[in-house]
Amino acid sequence: AGVPIVALKAEPGLFPNTTLAKAAARRALDDHLLRRVVSPTSGGVERCAITPQGLAHLLESQNPKAVLEDLVRVLEQRQSQVDELLQRTSEMAENLSGLRATLDAVLPRVSAKRIAVEPDLCADILSALASRSEDCPLPELYRTLPSKPSPGTFHDALRKLQAGRRIYLHPWTGPLYTLPEPSFALLVGHEVAYYASAHVPARFTEPAFA
């Protein structure tokens, strides 16, 4: 990815951020000792990397042992970062396998229980609403059910009955902070449903002719 060609406040660069150093950096680019990696843009940073010609010049002008020591140090740092990433990847893979195993064990039981309970629950809800002439608050409806399902199963059955046009769900029209027993409220679209009533099929009437 290259490094900044001149030093920044938050990141070191190849040359100090001075007029003389900037001229030297320009000369290194013109002599093809460095190459641009990212051209300067508005708000961007000019980065560069060494060229084969620049590496040859470095080895001729500097002690190769010092260059080698720097390369080994950077390589060790990169190796440490790679090892850490591999370790994290391995841990994430183990966690993912554990979650999949748990899901495989739980899902069949949840599905079987829902399939077994839901038909009876829907029938109980319809029976409770059929005996009422006005909208029934969901907490009250829940307490009349003989099966005593979990709130989540109760909500699933309500959604299924509404989708099948077997019941109506009516919204809470007051301020939400005055909602009693909010755990029984059901979010339907952009409304908070809090009442239910039986769906009464419309009867066909003969049109009246004068």
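This report describes the fold, surface and aromatic pairs of a predicted protein model.

## Basis of the model

Local features require pLDDT of at least 70 and side-chain atom pairs pLDDT 80 or more, whereas totals for chains, interfaces and linings use all residues. Residues are numbered from 1 along each chain as its sequence is written, and side-chain values use heavy atoms, with hydrogens and water left out.

## Fold and burial

The protein contains five helices and seven strands, taken as DSSP runs (helices H or I, at least four residues; strands E, at least two) numbered from the N terminus. Their order from the N terminus is β-α-β-β-α-α-β-α-α-β-β-β.

Of the 210 residues, 22% are buried (under 20% relative accessible area; exposed is over 50%, partly exposed in between; 1.4 Å probe, protein chains only).

## Aromatic pairs

Five aromatic pairs are counted (Phe, Tyr and Trp rings, the six-membered ring for Trp, with centres within 6.5 Å; planes under 30 degrees apart are stacked, over 60 edge-to-face, the rest tilted). One of them is the edge-to-face pair of Tyr 142 and Phe 154, at 5.2 Å centre to centre and 65° between the planes. Tyr 142 belongs to helix H4 (residues 138–144) and Phe 154 to helix H5 (residues 151–163), so the pair ties together parts twelve residues apart in sequence. Tyr 142 is buried at 14% relative accessibility, as is Phe 154 at 0%.

Trp 172 and Tyr 195 form a stacked pair, with 6.4 Å between centres and 10° between the planes. Trp 172 lies in the loop between strand E5 (167–171) and strand E6 (186–188), and Tyr 195 in strand E7 (residues 191–198), 23 residues apart. Trp 172 is buried at 19% relative accessible area, while Tyr 195 is partly exposed at 25%.
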